[in-house]
Structures are given as C-alpha cells and as structure tokens.
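Please look through the sequence and the model below with care, and follow the paragraphs that come after them one region at a time.

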Amino acid sequence: MTTRTILPDAAPTWFALAAAAAHVDHGGAGGFVSGFTHPILGWDHVAAMVAVGLWGAFLGRPAIWLLPVVFPLVMAFAAAAGVIGVPLPFVEAGIAASAIVLGLLIAFAVRPPLWVAAVVVGAFAVFHGHAHGTELPQAVNPFAYAVGFVLSTGLLHAAGIALGLLVARPLGVLAIRGGGAVISLAGTGFLFGVL
Amino acid sequence: MRARVARHALGVVLCACAGPAAAHSPLPGIEGFYAGLLHPFTTPDQALALLASGLLLGGFDMQRLGVAFGAATIGLAAGLALGTPTGDPAPWLFGLAALAATFAALAPGRALPLVVFLSLVAGALLGWASLPDAGPPRDRAFTVAGSVTGAALGLLYIAGGIDLLRDRIRAQVFCIALRVLAAWIAAIALLMLALGLGESLA
C-alpha cells in the first residue's frame, strides 16, 4: 500500500468532504473574498502597493523587506483609527498622491536614506489603511476581511518586488523607472478623476 | 493486475471505514480532550497569539529557547489558576499578538529577556483563554488538558518548524518572508483589537 495507491482512491472522498464544507460558512468566505478583493479592485490601491514593492526592490536590502513590513504595520494603525471613527481628511487624494509620489521616486531613481524611505511609505500607508478601516466594521466576517485585505496587500507588494528584481538584468533599471513613470501618471489620473 | 486492483479496493475500503471508526470515542472524555486540543487554533485571538509568539521564538536557535518555553509553561499554569471564566482575554490576546509579531518583524532574534517575558504573558493569556465553560469537573479537566497541550505543542511546533526550515532553507528570502508574515499577523491582530475597541466604544 503506497501513497501512489492511496491518494487516487482517497481523492473522491476528500472532494466529497470539501464540497460539503463549501456550504458551511458563507460569512467567513464572503468576508475573506471581500477583504482580498478590496485592494485589488481599486486601481489606485494596486498602483501604490506595487510601487512600494518596486521601490523596495529598487533600493535593495534592507529596504526590500523593510518597506513591505512598515507598510502593513502603519496601515493597520491607520485602519484601527478608521474603525474607531477617527476622521482623516483627503483620504482619496492621499491615496492618489501615494501613487504619484512613489512613482516619481522610482522614475527618478531617488535613493534617500532608509529611514526617509520608511517614513514616506508609512505616511502614505495611513491613507490606504484608513480607507480599508472604515469598510471593516461593515464586513460580514471582520476577521476574514482583515486576513483577506492584509494578504492581498502583501501579495501586491510581492508583485512589485518581483518586478523590481528586474533591476539585476540588462535594461532592467530602465524598465523599472519606466514602470514608476506609468504609476505616477496613473496616480495623476486618479487624482483628477480621469481614471 | 489482480494485486493492483486488490490494493485499490483495499484503499477505497480503508477510506470508507475511516469515518465510522473515528465516530466512536474509545476512551471516555477523549472527545473533550480533542476539542480542547484544537481550541487554540479555532479562535482567531488564540491562533494569532500562538502564531505571533511562535514567530517571535522562531527568531532564535532552539537551544536558546529553554527559558522561554519554561516561561510559557509557567504562564499557562498561572493563567489557568488565576484566570476567570467570565472574563474575555480576546483583546489582550490580540494586543499581545500585535506586539509580539511587530517585534518579530522588526527585530527577530534579538532581546531574549523581552522575548522570555512575552512568552510568559502569552502563556498566561492562553491559559486564561483555555478555561472551559461550566460543566462536570471530569469533562472540564479533559478539555483543559487538551487546550493546554494544544497551546504548548502549537508554540513548540511553530518555533521548531521555523528553526528547522531556517536550517534547511539557507536563502535570505526565507528570513524576509518570515518578517513580512509577522508584519501581516501584527496588522491583522491590530485590526481585530481596534474592531473590538470600536464595538465597546459604540
């Protein structure tokens, strides 16, 4: 009796169990999907998240891990403020500005000290976090929503980091700086309601 | 060919038998023990606290963690002894998870005394959260034993698993992934804490 023998036999049983479990908790699944898609369906969020990862990879170590660590931590604090009801003006403008500024920093290959980069990213994380936080209390399952949106935010950072690893290839720097310019232009479009 | 068919048939029979066999409790009270065993992993507050504490401990080599595991065990006992069944440890567990995960994200493998203290606190809170509802003393004892075993094993396996993987995966990207994971856990814990506070303020 080997694994190769058992696995095909057990598969129908597992699929049957999975199908049964799929009808148990719509709240959790709905909350997760809602949270997961919230950053992805907002193009302004996507542009800024990818820009954070891209800039981190462009700056190299330790920024490559520090920026994607700082962002969710600060974002969570801001989201907490949003949940409690602390008002924050110009949230949408701040989100659009994050894409513009981060895109420009990448396009012009700006390499500030690490702490400055962390502060810039953290400052913009406030706007993104507040926007997410104000939606959190209405979620079907807040825990699943929080897990979903933190996970998708991290995956968007990872996508930016993956693109940023092009920096090691010929013409990679040019491609990344071009990507930064596109993000910045998109941010301008978000700010003026063109996109 | 016939032997192969027989093996497949045996596999199907074993899979079909697994459910009914597991449906019986061979030992009285063992169901409560298993329910307790899974308890730390089925509630968000305890699961996040366990994950965060495990990540924090996983920043160190296992040889240096004896004191931290001892502190967590003492904490578990203290939490069981001093906790009140009517109290709600969830906000404290979310707060601890946010703190431990933030520390694991920003400074992994540093400040062992602080990590020992956080392990003690984590143990105490998990012990408090493991207190079962009212019921027959024998059932409660089984459930508590299961919860404490689950929490202790969870902590041990998470920290040990990270240590093992770090030994196997020498790539720097693994340490980066652990930091990012810790930051995500901190963010989720903080959000849940804020949500709880928001509800109590409203």
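Predicted model: local features only at pLDDT ≥ 70, side-chain atom pairs only at ≥ 80, totals over all residues.

Although B:Ile30 and B:Thr143 are 113 residues apart in sequence, their C-alpha atoms are 8.6 Å apart in space.

B:Pro85 sits in the loop between helix H4 (66–82) and H5 of chain B, and with 10 other C-beta atoms within 10 Å it is classed as exposed. Its C-alpha atom is separated by 7.7 Å from that of B:Trp128, a residue 43 places away along the chain. If neighbours within four places in sequence are left aside, B:Pro85 is in contact with B:Leu131 and B:Asp133.

Chain B contains eight helices and zero strands, so that, read from the N terminus on, its elements follow the order α-α-α-α-α-α-α-α. Of its 202 residues, 42% count as buried.

Helix H5 of chain B, made of the 17 residues 90–106, reaches 24 Å from its first C-alpha to its last, which is close to the 24 Å expected at 1.5 Å a residue. H5(B) is also mostly covered, since 13 of its 17 residues are buried. Helix H6 of chain B, which runs over residues 112–129 and has 18 residues, reaches 25 Å between its first and last C-alpha atoms, close to the 26 Å expected at 1.5 Å a residue. Because 13 of the 18 residues of H6(B) are buried, this helix is largely enclosed by the rest of the structure.

We now turn to chain A and to the way its helices pack. Two packed helices are described by the angle between their axes and by the distance between those axes. Helix H4 (residues 63–84) of chain A and helix H7 (residues 142–164) of chain A pack at an angle of about 155°, and their axes are 11 Å apart. Since angles over 145 degrees count as roughly antiparallel, H4(A) is roughly antiparallel to H7(A). The crossing in which H4(A) passes H7(A) is right-handed. On the side of H4(A), the residues that meet H7(A) are A:Ile64, A:Pro68, A:Phe71 and A:Pro72, while H7(A) contributes A:Val150, A:Thr153, A:Gly154, A:His157 and A:Ile161. Sorted by class, this contact of H4(A) with H7(A) has six nonpolar, three polar and no charged residues.

H7(A) also packs with helix H3 (residues 43–59) of chain A, here at an angle of about 45° and with the axes 7 Å apart. H3(A) and H7(A) are therefore oblique to each other, and their crossing is right-handed. The residues of H3(A) that make the contact include A:Val46, A:Met49, A:Val50 and A:Leu54, and among those of H7(A) are A:Thr153, A:Leu156, A:His157 and A:Ile161. By class, the contact of H3(A) with H7(A) has 13 nonpolar, six polar and no charged residues.

Some details of the backbone in the loops of chain A remain to be considered. The peptide bond that leads from A:Arg61 to A:Pro62 is cis, with omega near 0°, and A:Pro62 is found in the loop between H3 and H4 of chain A. A:Phe90, in the loop between H4 and helix H5 (91–107) of chain A, has a positive phi of about 55° although it is not a glycine. With 10 C-beta neighbours inside 10 Å, A:Phe90 counts as exposed.

Methods. Residues numbered from 1 in each chain as written. Chains lettered and ligands numbered in written order. Helix = DSSP H or I, 4+ residues; strand = E, 2+ residues; numbered from the N terminus. Expected span 1.5 Å × (residues − 1). Buried ≥ 20, exposed ≤ 12 C-beta atoms within 10 Å, placed from the backbone. Axes fitted to C-alpha atoms, helices over the stretch in contact; angles between N-to-C directions. Parallel < 35°, antiparallel > 145°, perpendicular 65-115°, else oblique. Left-handed = near helix turned anticlockwise from the far one by under 90°. Contact = placed C-beta atoms within 7 Å. Nonpolar A, V, L, I, M, F, W, Y, C, P; charged D, E, K, R; others polar.
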